[in-house]
Amino acid sequence: MAKVLVVTSGKGGVGKTTSTAAIGAALAQCGQKVVVVDFDVGLRNLDLVLGAERRVVFDLINVVQGVAKLSQALIRDKRLENLWLLPASQTRDKDALTEEGVGRVIGELRESFDWVICDSPAGIERGATLAMRYADEAVIVTNPEVSSVRDSDRIIGMLDSKTVKAEKGERVTKHILITRFDAARAARGEMLAIDDVLEILATPLLGIIPESQDVLRASNVGCPVVINGPSTTAARAYLEATKRLLGETITMKVPAERKGLMKLLLRRRAA
Amino acid sequence: MDAIAEPVTQPVRLRGRSYLAFVFTPVVPIVGWLADLDATVARSPGFFIGKPVVLDLSAVELSRSAIAHLIVSLEKKNIRILGIEGVDQSLLSPTMPPVLSGGRVCEIAQAAPERPEVEVRPQVASLLLDSPVRSGQSVVFPDGDITVLGSVGSGAELVAGGSIHVYGALRGRAMAGVNGNPHARIFCQRIEAELLAIDGYYQTAEELDQTLRNRPAQAWLDGGVMRITPLT
């Protein structure tokens, strides 16, 4: 039975699209058949991050309106044969999405995939509520800073009230994914500590992704970081988070500050 | 020429006041409606005696004589009409109740007929929430206490007619005793509230004493002053 996962946050710019691509690619690498759906109508980014922007013919709006079939709109990833993308429209806006249309598309996707990952736009308006409406599980992406945590709290409240599952009395399984974690700043007390974030949000932790230049590099070349730099700390953190999503128990590692060789040498000399 | 001092008369000061009145909306056939009214009055006899009643005639088309007849029928049942709504001024004679407009809808609780011989102990209602209250959620319970087994997020709101008990951190707004209950209190395990209010008297986070932060505390009204003291 397919699982519908929504990657949401409330706050913008925290790493939803990056995480959707990374988790989708990691799941595909683990053998799951995955489709990632971009719900950010008008401001689509998922196709860029996956390097598929030159192959978009039909999009989610076309399928919702019945202009195109799902098979015509789905784009297969060139590197991972289990990973597919359903892009958003760039010329329309979220008003073109309807609840029944989205429900129908998600239903169709459930039949042929193991995982349907919905990349939610920022905010709490129609795009975000439709992305979460049919979700079974949710990954709430949070930066360890106050405004992101408050917005994530709001989104958690909405996951418990505005989803089909919540309306039926069931619960959407929620996970927190902390991204852009900077160990040095956390040590100096400039960022919220992991424990504080979890205490405020009262939701289990899926993983901690460190702030990393590798993520930006991967984004710019249009390749998810788990494929572009699989040995980087960010990619390894995403892979571990994905394995936890699949049910494995892996101890949580808080990314430590990386001390480069030069720093160590320089410190020795000064002493 | 003598200046005759005219007594200076104070113009009568006109004040406005709003009152809550019951509204009767007759429907056709009027005879049937009057029969239903009889049945209602029979269940609670004397209920409408002395109560202000407004007649809303927007659902029926009555002539002047029909309106006069209706008013008389109602008076025979001891129902006095305060005013008439939904009808043109021209249809009313000067002796009839005046035309009213601009009425606002109000909720009137259907009160059971009073039985003074039975002492009814007031039921203290209580709302229990067993999961955290998330930012942006607003919990309104004017009938009594609210108890939360968990934290209240920043940007969340609790509005209670009675007291508020939070078994966790209170980070949002808590307003207790909203129906005029100055004895209501607010309790929490960690006080990081944005705003606390009891019976209209409020205090924001700015005025909160720093020594109280992150400790169990209670807020209560002492006269017109809100006191926040640690709970130990």
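In the predicted model, S151(B) is placed in the loop that connects strand β6 (144-148) to strand β7 of chain B. Around S151(B), 27 other C-beta atoms are found within 10 Å. Since 20 or more such neighbours define a buried residue, S151(B) is buried. Leaving aside residues up to four places away in sequence, S151(B) touches P132(B), G168(B), A169(B) and R171(B), and also A202(A) of the other chain. By contrast, L57(B), which is 94 residues from S151(B) along the chain, has its C-alpha atom 52 Å from that of S151(B).

The domain assignment of chain B provides a setting for these positions. Domain 1 comprises residues 22-91, and domain 2 comprises residues 126-230. A distance of 47 Å separates the C-alpha centres of the two domains of chain B.

Strand β7 of chain B also belongs to a sheet. This open sheet is formed by five strands of chain B, in the order β5-β7-β9-β11-β12, with mixed pairing. At its edges are β5 (138-141) and β12 (201-204) of chain B, each of which pairs on one side only. From one strand to the next, the twist averages 5 degrees. As a general principle, the strands of a sheet pair through backbone hydrogen bonds, in either a parallel or an antiparallel sense. Within the sheet of chain B, β7 (residues 157-160) and β9 (residues 173-176) are paired in the parallel sense, with three bridges between them. In this pair of strands, E157(B) of chain B is found opposite R173(B) in β9(B).

The contact between the two chains involves ten residues of chain B and six residues of chain A. On the side of chain B that touches chain A, eight residues are polar, one is nonpolar and one is charged.

Chain A contains 14 helices and eight strands. The C-alpha trace of chain A spans about 70 × 40 × 35 Å along its principal axes. The radius of gyration of chain A is 19 Å, which agrees with the value near 18 Å that a compact globule of 271 residues would have. Of the 271 residues of chain A, 49% count as buried. When contacts in chain A between residues at least 6 apart in sequence are considered, 76% of them join residues at least 24 apart.

Two elements of chain A illustrate this burial. In strand β1(A), five of the six residues are buried, and the strand is therefore largely enclosed by the rest of the structure. Strand β1(A) runs parallel to β5(A), to which it is joined by five bridges; here V7(A) stands opposite D119(A) in β5(A). Strand β1(A) also runs parallel to β6(A), with four bridges joining the two, and the bridge partner of L5(A) in β6(A) is E137(A).

Helix α6 of chain A, which covers residues 126-133, is likewise largely enclosed by the rest of the structure, because six of its eight residues are buried. The buried residues of α6(A) are G127(A), A128(A), L130(A), A131(A), M132(A) and R133(A). The elements of chain A that cover these buried residues include the strands β1 (3-8), β5 (115-119) and β6 (137-142), together with the helices α5 (99-112), α7 (146-159) and α8 (164-167).

Technical notes: Residues numbered from 1 in each chain as written. Chains lettered and ligands numbered in written order. Predicted model: local features only at pLDDT ≥ 70, side-chain atom pairs only at ≥ 80, totals over all residues. Buried ≥ 20, exposed ≤ 12 C-beta atoms within 10 Å, placed from the backbone. Contact = placed C-beta atoms within 7 Å. Domains from an automatic or database assignment. Nonpolar A, V, L, I, M, F, W, Y, C, P; charged D, E, K, R; others polar. Pairing = 2+ DSSP bridges. Axes fitted to C-alpha atoms, helices over the stretch in contact; angles between N-to-C directions. Rg over C-alpha atoms; globule rule 2.2 N^0.38 Å.
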